[in-house]
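I opened this notebook to keep track of what I look up in the structure. The entries follow the order in which I went through it.

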Amino acid sequence: MKEILKRVGTTYLPVSDVEESAKWYTSKLGAEVNYQDTDKAILNFADQSFFLVRAKTGENANFYDVHGTECFSITFEVDGAEALKMLRNDLFTKGVRVGEIEDRGHSGNNFVFYDSDGNKFDVWSELSPTFKRIYRLEHES
């Protein structure tokens with residue numbers, strides 16, 4: 001079964017204003033808009049499609065764990081600690097709400113950021129082994 005599902009192709013994000021959110025994603029994250037109407041926008045960035053879907057007021061993709069901690073549902077990956085710092089600084093300069101770079105006890109470091117609707121995202125300084133293999137980013141021995 002594990003070989004049937006190849007990748008996540010689309011992620012759906014609730015937003016309050018499709019036009020304003022699409023502008024936010026293009027200006028802050030470099031997303032490209034493929035389609036847009038009053039109820040949704042289809043964006044491409046981070047090697048994936050994101051649908052911004054007009055939702056009820058106050059909705060976002062965050063959830064709370066059993067301890068009451070607000071959680072994100074998406075972690076983006078960058079290639080190394082310097083790329084992590086550069087991205088965080090770039091987002092901060094663009095006025096994006098960003099957290100501090102954290103050591104969470106596993107390889108690499110992370111930080112969180114929020115979009116204009118409060119959707120919380122994570123960024124990790126390590127590329128997954130599968131991504132490296134597929135895109136031939138690992139040195140062959």
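**Entry 1**

I am working with a predicted model. I began with strand S9, which covers residues 110-114. I wanted to know how many of its residues are buried. Five of its five residues are buried, so I noted the strand as mostly covered. I then looked at which way the side chains go. Asn110, Val112 and Tyr114 point one way from S9, and Phe111 and Phe113 point the other way. Both sets are buried.

Next I asked which strands pair with S9. One is strand S8 (residues 97-98), which pairs with S9 in the antiparallel sense over two bridges. On that side I found Val98 with Phe113 of S9 as its bridge partner. Strand S10 (residues 120-124) also pairs with S9 in the antiparallel sense, over five bridges. There Tyr114 stands opposite Lys120 of S10.

I followed the chain from S9 into S10. The two strands form a hairpin, with five residues between them. In the turn I noted Gly118, which has a positive phi of about 85°.

**Entry 2: aromatic residues**

I counted the aromatic pairs next, and the structure holds 10 of them. I wrote down two that involve Phe76. In one, Phe50 and Phe76 form a tilted pair, 6.1 Å centre to centre with 40° between the planes. This pair links distant parts of the chain, as Phe50 is in strand S4 and Phe76 is in strand S7, 26 residues apart.

Phe121 is buried, as is Phe76.

I then looked for a wider grouping. Phe50, Phe76 and Phe121 belong to one aromatic cluster together with Trp24, Tyr25, Phe45, Phe111 and Phe113. Phe111 and Phe113 are the two residues I had noted as pointing the other way from S9.

**Entry 3: the largest pocket**

I turned to open space in the model. The largest pocket has a volume of about 880 Å³. I asked which residues are closest to its centre. Of the 25 residues that line this pocket, they are Ala46, Asp47, Gln48, Glu77 and Phe131. I also listed the elements that give two or more residues to the lining: strand S4 (48-54), strand S7 (75-77) and helix H3 (129-134). H3 gives the most, with four residues. Sorted by class, the lining has 15 nonpolar, five polar and five charged residues.

**Entry 4: Thr10**

Last, I looked up Thr10, which sits in strand S1 (residues 10-15). Is Thr10 buried, exposed or partly exposed? Its relative accessibility is 33%. Buried would need a value under 20% and exposed one over 50%, so Thr10 counts as partly exposed.

I asked what Thr10 touches, leaving out residues up to four places away in sequence. The contacts are Gln48, Ser49 and Phe51. I also noted the spacing to Asp47, which is 37 residues from Thr10 in sequence and 9.8 Å from it in space, C-alpha to C-alpha. Asp47 and Gln48 had already come up among the residues closest to the centre of the largest pocket.

Conventions: Residues are numbered from 1 along each chain as its sequence is written. This is a predicted model: local features need pLDDT of at least 70, side-chain atom pairs count only at pLDDT 80 or more; totals for chains, interfaces and linings use all residues. Side-chain values use heavy atoms; hydrogens and water are left out. Buried means under 20% relative accessible area, exposed over 50%, partly exposed in between (1.4 Å probe, protein chains only). Contact means heavy atoms within 4.5 Å. Two strands pair if DSSP finds at least two bridges between them. On a 1 Å grid over the protein atoms alone, a cavity is a set of points where a 1.4 Å probe fits but cannot get out, and a pocket is an open set with protein on both sides within 12 Å along at least five of seven lines; lining residues have an atom within 4 Å of a point. Grid points are joined across faces, edges and corners, and a volume is the space filled by probe spheres set on the points. Ala, Val, Leu, Ile, Met, Phe, Trp, Tyr, Cys and Pro count as nonpolar, Asp, Glu, Lys and Arg as charged, and the others, Gly among them, as polar. Rings of Phe, Tyr and Trp (its six-membered ring) pair if their centres lie within 6.5 Å; planes under 30 degrees apart count as stacked, over 60 as edge-to-face and the rest as tilted.
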